Amino acid sequence: MTVTSAEDMVFVQRVPAKVLPPPVTQVGAIGWARTNLFSSIRSTVLTFFTAGVLVWIAVPIIQFLLIDAVWSAKDPTACLPREGHEVGACWAFIHERIGYFTYGSYPPAERWRVNLFFLLLAFGSGLMLWLDAPRRGLGAVYFFVVLPVVSYILLSGWPLIGLPRVETDLWGGMLVTIVVATVGIVVSLPIGILLALGRQSNMLAVRFLSITFIEFVRGVPLITVLFMASVMLPLFVPPEFSPDKLLRALVGMVIFAAAYQAEVVRAGLEGIPQGQIEAAKALGLRYWRLNSSIVLPQALRITIPNIVNSFIALFKDTSLVFFVGIFDFLKTIEVARLDPKWSGPNTSLTGYAFAAIVYFFCCYLMASYAESVERRLGRADRR
Amino acid sequence: MKRSLNTMTIAATFALAMPALAAPTMAAGLLDQVKARGSVSCGSNGQLPGFGLPDAQGNWTGFDVDYCRAIAAAIFNDPTKVKFVALTAKDRFTALQSGDVDVLIRNTTWSSSRDSQLGLNAAGTNYYDGQGFIVRQSIKVNSALELNDASICVQQGTTTELNLADYFRANKMKLKSVAFAQLDEALKAYDSGRCDAFTADASALYSVRIKFSKPEEHVVLPEIISKEPLSSFVRHGDDQWFDVVKWVLFGMLNAEEYNVNKANLDEQMKSENPDIKRLLGTEGSYGEQLGLTKDWVYRIVKHVGNYGEVFERNLGPSSPLKVTRGLNALWTKGGIQIAPPVR
């Protein structure tokens with residue numbers, strides 16, 4: 001037997017075989033489509049059906065909103081259909097009225113104040129939403145103390161420092177929607193937390209009052225609350241003392257949102273195991289300390305999806321203030337579309353499409369933020 | 001009567017509970033309160049083209065709105081001192097009764113029950129409306145009486161529908177009405193050719209016409225088959241305020257009658273015509289008798305214009321609505337708008 005070297009053994013492969021790419025039908029777009037869209041006959045049929053429906057819906061929408069749209073026009077007749085020429089969305093109408101949709105009847109010379117308010121609010125929200133921001137304490141002081149005072153002076157005016165008064169009946173559009181939503185959100189949550197704690201309190205009077213408040217407010221529709229606040233209140237109070245119309249609506253909104261928020265928070269409170277509370281008591285923590293350090297941080301974390309859910313609902317509910325004669329964002333669009341100057345057949349559709357886009361954008365932002373917070377706070381649970 | 005009784009009870013309770021606060025407000029008339037407050041609170045329609053609608057800058061414009069501005073001009077010499085409160089048809093009377101607004105000028109028909117049972121007074125009719133017809137020019141109809149056997153689109157369950165049936169029966173014509181639950185549906189049906197004619201309140205006919213695909217092909221027929229005097233309203237119990245609201249309208253009508261308008265106002269101040277002298281306050285003290293100033297009509301015409309100018313600007317040929325004066329022409333020109341003399 002002769003010893004042969006490996007070189008002589010022709011059947012041994014010395015270089016690793018060339019790595020071939022997987023078949024094109026298994027990877028990439030085709031592979032993905034095969035596994036996800038066309039894995040079986042039923043799936044294939046469903047895919048084609050869904051695609052068909054999408055095309056059926058999307059094509060006319062795109063055609064209307066983008067392709068046939070009139071983007072800008074000097075005079076409104078450009079939005080009227082002509083012989084042999086289809087006309088889609090009339091964005092020129094939105095363009096002309098955007099000031100009204102944003103500020104309502106706020107005097108044009110003073111609108112910079114509203115812009116400044118939007119800026120300050122965006123800055124404040126940014127600070128509050130940026131969880132790693134340095135000096136969050138200062139941010140909170142800015143948001144909850146400085147911002148409300150400055151905004152109030154800025155928006156309603158203070159003749160002493162040269163800002164003429166602007167009565168709230170001139171406010172309107174996005175300004176009102178944002179003011180009502182922000183005040184509703186910021187004020188209702190603390191009240192809701194207190195009500196939720198009150199409902200579980202050992203003190204009979206506190207518990208009774210909390211339960212009465214929550215159940216009573218939840219038992220009536222928001223429109224009724226707003227109507228009471230705006231139409232009935234002047235019957236009880238002489239005109240000089242009756243509060244401002246917007247304030248009445250704000251109070252109605254806050255009361256309503258707080259009752260719902262209380263129930264949302266209570267769900268979180270109930271989710272905390274009794275053992276933790278007993279342990280905290282055994283360590284000697286008093287009521288407020290126990291709640292602020294042990295119970296609430298956990299309870300609020302569990303309820304974030306629900307809290308944001310009610311915030312989104314509240315944001316959209318702001319459009320109900322039009323029932324008491326306040327022109328919010330949606331109402332300004334509804335009113336503007338009636339203007340005979342823009343009497344094209346697509347003016348109303350364009351207005352509503354614009355409203356839908358803006359509302360969707362705002363609500364989607366809120367939902368995305370909630371999702372990121374949830375992911376961040378829920379990290380501990382997934383470990 | 002029940003509602004106002006409750007209001008009284010509440011007011012009385014309040015007066016008992018807070019005599020010091022409530023007493024002065026009970027004593028002072030509404031005109032003095034308005035003067036002290038510095039603005040008139042006017043209940044109006046925020047979404048009726050031609051009558052009340054905010055423009056691109058958010059300023060309220062319209063025929064009813066200008067009546068409110070004329071009141072402010074007469075009292076404050078400043079047409080911007082009005083607080084407009086947008087009211088729906090449903091809550092307009094409550095808002096006036098509760099004192100939320102000082103005057104209601106919101107295309108509201110004057111009827112006996114509103115004038116009495118609701119505790120309100122109709123102060124002045126600024127627009128005589130009524131139900132009318134619109135037809136396509138191509139069918140060559142010049143009068144509603146020629147509509148025999150024509151199909152007519154109408155909104156279901158309204159007084160409009162009843163008026164239509166009454167009119168056809170009274171004139172022994174054959175009615176083929178096509179009723180729709182929504183006004184919009186009825187309108188669309190007419191526009192697409194389903195009916196020969198469409199019927200609604202005449203002022204509405206003009207504002208819907210411009211929404212048709214070809215507005216110039218439609219005409220509004222001259223017949224008006226029902227009466228809807230649209231008026232301003234105030235609460236019972238304050239006659240001075242009632243007089244002011246009433247006479248602001250009369251002042252505007254008189255100004256048109258004597259040809260006092262924005263353009264020739266200063267010229268007319270020097271006029272020797274005794275009617276004009278009394279109207280503009282260069283003679284007598286008729287404004288002061290109303291609780292206003294001598295030059296109250298001067299202020300109204302200067303800031304807002306006379307009745308004809310206001311009509312022309314908001315509803316007439318220079319507006320998109322192109323409403324003809326019709327019943328709302330002065331009594332001297334074949335209409336029924338007539339104002340008592342200032343003397």
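Two residues count as in contact if their C-beta atoms, placed from the backbone, lie within 7 Å. This is a predicted model, in which local features need pLDDT of at least 70, side-chain atom pairs count only at pLDDT 80 or more, and totals for chains, interfaces and linings use all residues. Residues are numbered from 1 along each chain as its sequence is written, while chains are lettered from A and ligands numbered from 1 in the order in which they are written.

**View 1**
Nine residues of domain 1 of chain B are in contact with six residues of domain 2 of chain B. On the domain 1 side, that's five nonpolar, one polar and three charged residues. For the classes, Ala, Val, Leu, Ile, Met, Phe, Trp, Tyr, Cys and Pro count as nonpolar, Asp, Glu, Lys and Arg as charged, and the others, Gly among them, as polar.

**View 2. Chain B against chain A.**
Chain B puts 32 residues into this contact and chain A puts in 29. On the chain B side, helix H1 (2–17), helix H2 (19–27), strand S2 (53–54), strand S4 (82–86) and helix H5 (92–97) each supply at least two residues. Helices (H or I, at least four residues) and strands (E, at least two) are DSSP runs, numbered from the N terminus. S4(B) gives the largest share of that side, four residues. Sorted by class, the chain B side holds 16 nonpolar, 12 polar and four charged residues.

**View 3. Chain A, helices and no strands.**
Chain A has 14 helices and zero strands. Its radius of gyration (taken over C-alpha atoms) is 30 Å, well over the 21 Å that the globule rule gives for 383 residues, so chain A is more spread out than a compact globule. That rule is 2.2 Å times the number of residues to the power 0.38. Along its principal axes, the C-alpha trace of chain A spans about 120 × 85 × 45 Å.

**View 4. The domain boundary in chain A.**
Here domain 1 is 91–106 + 166–382 and domain 2 is 107–165, with C-alpha centres 19 Å apart. The contact pairs 10 residues of domain 1 of chain A with 12 residues of domain 2 of chain A. Helix H6 (173–199) and helix H13 (347–377) of chain A each supply at least two residues of the domain 1 side. By class, that side has six nonpolar, two polar and two charged residues.

**View 5. H6(A) crossing H7(A).**
The axes of H6(A) and H7(A) come within 7 Å and cross at roughly 125 degrees. Axes are lines fitted to C-alpha atoms, for helices over the stretch in contact, and angles run from 0 to 180 degrees between N-to-C directions. That angle makes H6(A) oblique to H7(A). Angles under 35 degrees count as roughly parallel, over 145 as roughly antiparallel, 65 to 115 as roughly perpendicular and the rest as oblique. Residues making the contact include Leu195(A) of H6(A) and Val206(A) of H7(A).

**View 6. H7(A) crossing H9(A).**
Helix H7 (residues 204–218) and helix H9 (residues 245–270) of chain A have axes that come within 9 Å and cross at roughly 115 degrees. H7(A) and H9(A) are therefore roughly perpendicular to each other. Among the contact residues are Phe213(A) of H7(A) and Phe256(A) of H9(A). The contact divides into eight nonpolar, no polar and two charged residues.

Definitions and conventions:
Domain bounds come from an automatic or database domain assignment.
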